[in-house]
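The sequence and structure are shown first.

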Amino acid sequence: MKRILLMVLRNLFFVPYGWIKLCYYASHVDKYTTEQRYALLKLIDRRANRGGRIRIETHGVENLPKEDGFIFYPNHQGLYDVLAIIEACPRPFSVVMKREVENIPFLKQVFACMKAYAIDRDDVKQSMKVILQVSKEVMEGRNFLIFAEGTRSKKGNQLLEFKGGSFKAAMKARCPIVPVALIDSYRSFDTNSIRPLTVQVHFLEPLFHEEYESMKSVEIAAEVKNRIERVIASNE
C-alpha cells in the first residue's frame, strides 16, 4: 500500500478538494449527469496515477462498439483494476462488484458515482435480481463491467477460470461483449514497490450477439478467457 500513500502525498493540495467533491457527487448522484460524474472520476484518477507514478498504456480503443449498451469482461488482478480502466476508457461505464468491497473507503464513493451494483455470491435470488437489472440497463444504453473470474487472481498476469454465470447478463441483454486484457495491474496496490509502473489496458474486439447466440455461457466464458490470455502472452 506504499503507492497509495505516495498518491496522497504527491497530491496534498488536490486531495481535500478531490475528496470533498467526490463525496458530494456520491451523495447527490442524481444532481449530475453520467458524463459529469465520469469526468470527475477521470480527473481524480489521472491525478492519483500521476502521483503514484503509474502510466496507463491503452490499446484498442477503436474496438469499442460505436453505440453504448455493452459489457466489459476484464481479467481481475486487484483493487486497482477499475481505476486503470477508468483512465483508459473514454466512455462512461458502471460496475458489478462483489459485496465484500462495496464499503472500502474511496472505492465506495467511486462506485456510488458510477451507480454500481453489489452482488452477493451466496444469495442466488439477489444475484439473479442484479443480473436482470443490469441486463435491463444495458438494453437502455448503459455500459457495465463484470469480472468473470469472480475474485482476483493472486498469480500476477495468470487468469483464473471465467465463470459462465457471469455472462448471463450479456446473454439476456443480447449485447456486445468486450474482453479487456489487464497486464501488471496487480503491481499497483499488491506490491510494496513505488517504482514507476506501466499498466497495460487492451480493449479487444467485441463479440456481438450473432457470434455467441448459439453458444452456452461456459463456452462464451472459455472464448473470452482465451482471447485475453493470448493478448497477455504476447505483451508481457
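**Nonpolar cores**

The largest nonpolar core has 45 residues, of which Phe-72 and Phe-93 touch the most other members. Helices H2 (15-27), H3 (34-51), H4 (81-88) and H5 (107-113) each supply at least two residues of this core, as do strands E1 (54-59), E3 (94-98), E6 (177-183) and E7 (197-203). With 6 residues, H4 gives the most to this core. The model is predicted.

- Beyond its neighbours within four places in sequence, Phe-72 is in contact with Leu-64, Cys-89, Phe-93, Phe-144, Leu-145, Ile-146, Val-178, Val-180 and Phe-203.
- There is also a second, separate core of 30 residues, and Val-134, Val-138, Ala-169 and Ala-173 are among them.
- As a general background, nonpolar side chains in soluble globular proteins tend to be buried together.

**The sheet**

- Seven strands form an open sheet with mixed pairing, in the order E1-E7-E6-E2-E5-E3-E4.
- At the edges are E1 and strand E4 (117-119), each of which pairs on one side only.
- From one strand to the next, the twist averages 25°.
- E3 and strand E5 (residues 144-146) run parallel and are joined by 3 bridges.
- Opposite Val-95 stands Leu-145, a residue of E5; Leu-145 is also one of the residues in contact with Phe-72.

**Aromatic pairs and cluster**

- The structure holds 10 aromatic pairs.
- One of these pairs is formed by Tyr-24 and Tyr-32, which are edge-to-face at 6.4 Å centre to centre, with 75° between the planes.
- Tyr-24 counts as partly exposed because its relative accessible area is 36%, a value between the limits of 20% and 50%.
- Tyr-80 and Phe-189 also form an edge-to-face pair, at 5.3 Å centre to centre and with 80° between the planes.
- This pair links distant parts of the chain, 109 residues apart: Tyr-80 is in the loop between strand E2 (71-74) and H4, and Phe-189 is in helix H8 (residues 186-189).
- Both Tyr-80 and Phe-189 are buried.
- One aromatic cluster consists of Tyr-38, Phe-70, Phe-72, Phe-93 and Phe-203; of these, Phe-93 and Phe-203 are in contact with Phe-72.

- Gln-200 is located in strand E7.
- Gln-200 counts as buried because its relative accessibility is 11%, and the cut-off is under 20%.
- A polar atom of the Gln-200 side chain lies 3.2 Å from the backbone oxygen of Asn-235.
- Setting aside neighbours within four places in sequence, Gln-200 is in contact with Glu-57, His-59, Ala-181, Leu-182, Ile-183 and Asn-235.

- With a relative accessibility of 2%, Asn-75 counts as buried.
- A polar atom of the Asn-75 side chain lies 2.7 Å from the backbone nitrogen of Leu-182.
- Neighbours within four places in sequence aside, Asn-75 is in contact with Asp-81, Phe-147, Glu-149, Leu-159, Phe-162, Val-180, Ala-181, Leu-182, Ile-228 and Ile-232.
- Ala-181 and Leu-182 are in contact with Asn-75 and also with Gln-200.

Notes: Residues numbered from 1 in each chain as written. Predicted model: local features only at pLDDT ≥ 70, side-chain atom pairs only at ≥ 80, totals over all residues. Heavy atoms only, no water. Core = buried A, V, L, I, M, F, W, Y, C linked by side-chain atoms within 4.5 Å. Buried < 20%, exposed > 50% of the residue type's maximum accessible area, 1.4 Å probe, protein only. Helix = DSSP H or I, 4+ residues; strand = E, 2+ residues; numbered from the N terminus. Contact = heavy atoms within 4.5 Å. Pairing = 2+ DSSP bridges. Axes fitted to C-alpha atoms, helices over the stretch in contact; angles between N-to-C directions. Polar contact = N/O pair within 3.5 Å; in protein donor to acceptor, adjacent residues only side chain to side chain. Phe/Tyr/Trp six-rings, centres within 6.5 Å; stacked < 30°, edge-to-face > 60°.
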